[in-house]
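Morning, everyone. Please bring up the sequence and the model, and keep both in view while I talk.

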Amino acid sequence: MMKNRKYLVGLAVLPFLAFCTKDDVQTPSFDITVEAREYKINDSVRFIIKDAPDVLSFYSGEKGKEYQYRDRIVVEGRRKELALNTQIIYGSQTDNLKIMVSNDFTGTYDEASVKKATWKDITSKFTLSTSPINLLGPRVSSGKVDITDDIIAGKPLFVGFKYVGLASPGTASTQRGWRIYGFDLTTTDKDGTSTSIATRTNAGWSPVNIIDAVSPTTGASKWIYVADMFYYDPMSSLVESEGWYITKGFLPDNMSPDKGTPIKDYTQRRTSYAYSFKAEGEYTVTFVGSNVNYTGEKEVVKEFKIKVVK
């Protein structure tokens with residue numbers, strides 16, 4: 001009786017094992033060939049695909065489409081540069097505008113958070129507008145200023161304009177106003193590619209009042225944003241003043257991972273694929289083939305070196 005029971009259990013298990021074996025995802029066994037390894041710009045590079053897998057993706061090897069960078073989210077060695085365009089307004093006080101950067105500001109725009117953060121004064125790196133006392137200064141471009149060494153790679157970057165006004169010794173205000181027409185934060189990769197991180201119009205400015213930095217009549221910040229600039233208006237203040245204008249946080253070292261182009265899914269047949277390169281160079285072309293079902297996924301990668309000439 002016991003022997004027969006074991007035999008029956010064995011028969012019951014066999015179909016289950018067969019079912020599992022049948023449904024296990026299979027390793028892709030596709031093959032891809034290319035007619036040549038050197039082409040001219042705009043030539044059609046034709047790849048022949050045999051036994052295509054369930055899903056197939058294509059990385060051309062061009063910038064932003066490289067398989068080796070499919071998981072990259074941080075770029076090392078980027079140069080960070082900031083360009084300003086400023087104008088000083090009347091008054092007689094000197095050195096009352098500071099350009100500050102922080103990597104540990106929390107993004108809470110209040111006095112306590114500003115004072116708690118670590119700020120570095122980088123004003124001396126910039127050429128700012130100047131003028132004789134009580135005269136309107138010229139608009140001055142600083143050009144691109146390298147601030148890479150002033151910030152911590154991989155950390156959020158905040159840029160702040162810190163206005164400091166001294167108490168006037170008499171009845172006439174000596175505090176000078178400032179206009180900021182240009183603010184351009186960019187990064188440059190090792191290959192020379194430049195990327196805009198923020199401009200005056202999209203840097204996400206927020207004012208923080210420390211001392212006498214709001215209008216005595218409206219209660220609004222003395223930092224004012226208008227269509228073609230933002231500016232600090234001291235409003236003839238005779239007392240000590242301090243007001244900040246701070247950007248949102250930036251992650252200048254971050255970037256989106258490179259992505260492949262899907263060229264086949266479960267519902268499609270694919271026996272060939274053609275692509276044209278628009279610039280000369282040597283490219284690592286990558287095909288990623290996957291078979292997928294509810295039991296898992298198996299992937300195979302195939303690469304080709306393609307040279308493109310004029």
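I'll go through the sheet, a hairpin, some loops, the aromatic rings and the pocket.

First, the ground rules. This is a predicted model, where local features need pLDDT of at least 70, side-chain atom pairs count only at pLDDT 80 or more, and totals for chains, interfaces and linings use all residues. Residues are numbered from 1 along each chain as its sequence is written, and side-chain values use heavy atoms, with hydrogens and water left out.

Let's start with the sheet. Strands here are DSSP runs of E, at least two residues long, numbered from the N terminus. Two strands pair if DSSP finds at least two bridges between them.

Now look at strand 10, residues 158-165. Of its 8 residues, 6 are buried. Buried means under 20% relative accessible area, exposed means over 50%, and partly exposed is in between, using a 1.4 Å probe and protein chains only. Strand 6, residues 97-102, runs antiparallel to strand 10, and 6 bridges join them. Find Lys98: it stands opposite Lys162 in strand 10. Strand 16, residues 241-246, also pairs with strand 10, again antiparallel and over 6 bridges.

Next, the hairpin. Strand 11, residues 177-188, and strand 12, residues 194-199, pair in the antiparallel sense over 5 bridges. Thr188 has its bridge partner, Ser194, in strand 12. Between the two strands come 5 residues, and in this hairpin Gly192 takes a positive phi near 95°.

Two other residues have positive phi without being glycine. Tyr90 is at about 50°. Tyr90 lies in the loop between strand 5, residues 79-89, and strand 6. Its relative accessible area is 44%, so Tyr90 is partly exposed. Asn134 is at about 65°. The loop of Asn134 runs between strand 7, residues 120-121, and strand 8, residues 140-141. Asn134 is partly exposed too, at 47% relative accessibility.

Is Leu82 buried or exposed? Buried, at 0% relative accessibility. Thr148 is 66 residues from Leu82 along the chain, and their C-alpha atoms are separated by 9.6 Å. Gln87 is in strand 5 as well. Gln87 is buried, with a relative accessible area of 7%. From Gln87 to Pro169 is 82 residues along the chain, and 25 Å between C-alpha atoms.

On to the rings. How many aromatic pairs does a search of the whole structure find? It finds 27. Rings of Phe, Tyr and Trp (its six-membered ring) pair if their centres lie within 6.5 Å; planes under 30 degrees apart count as stacked, over 60 as edge-to-face, and the rest as tilted. Take Tyr275 and Phe277: the ring centres are 5.1 Å apart and the planes are at 75°, so this pair is edge-to-face. Tyr275 and Phe277 are both buried. Then there is an aromatic cluster, whose members include Phe161, Tyr163, Trp205, Trp223 and Tyr245.

Some rings have a charge over them. That means NZ of Lys or CZ of Arg is within 6 Å of the ring centre and within 35 degrees of the ring normal. Arg70 lies over the face of Tyr67, 3.9 Å from the ring centre. Lys302 has its charged end over the ring of Phe30, 5.3 Å from the centre.

Last stop, the pocket. A pocket is an open set of points on a 1 Å grid over the protein atoms alone, where a 1.4 Å probe fits, with protein on both sides within 12 Å along at least five of seven lines; lining residues have an atom within 4 Å of a point. Volume is the space filled by probe spheres set on the points, which are joined across faces, edges and corners. The largest pocket holds about 290 Å³. It is lined by 16 residues, and those closest to its centre are Lys63, Tyr69, Arg72, Asp189 and Asp191. By class, the lining has 3 nonpolar, 4 polar and 9 charged residues. Here Ala, Val, Leu, Ile, Met, Phe, Trp, Tyr, Cys and Pro count as nonpolar, Asp, Glu, Lys and Arg as charged, and the others, Gly among them, as polar.

Key:
Helix = DSSP H or I, 4+ residues; strand = E, 2+ residues; numbered from the N terminus.
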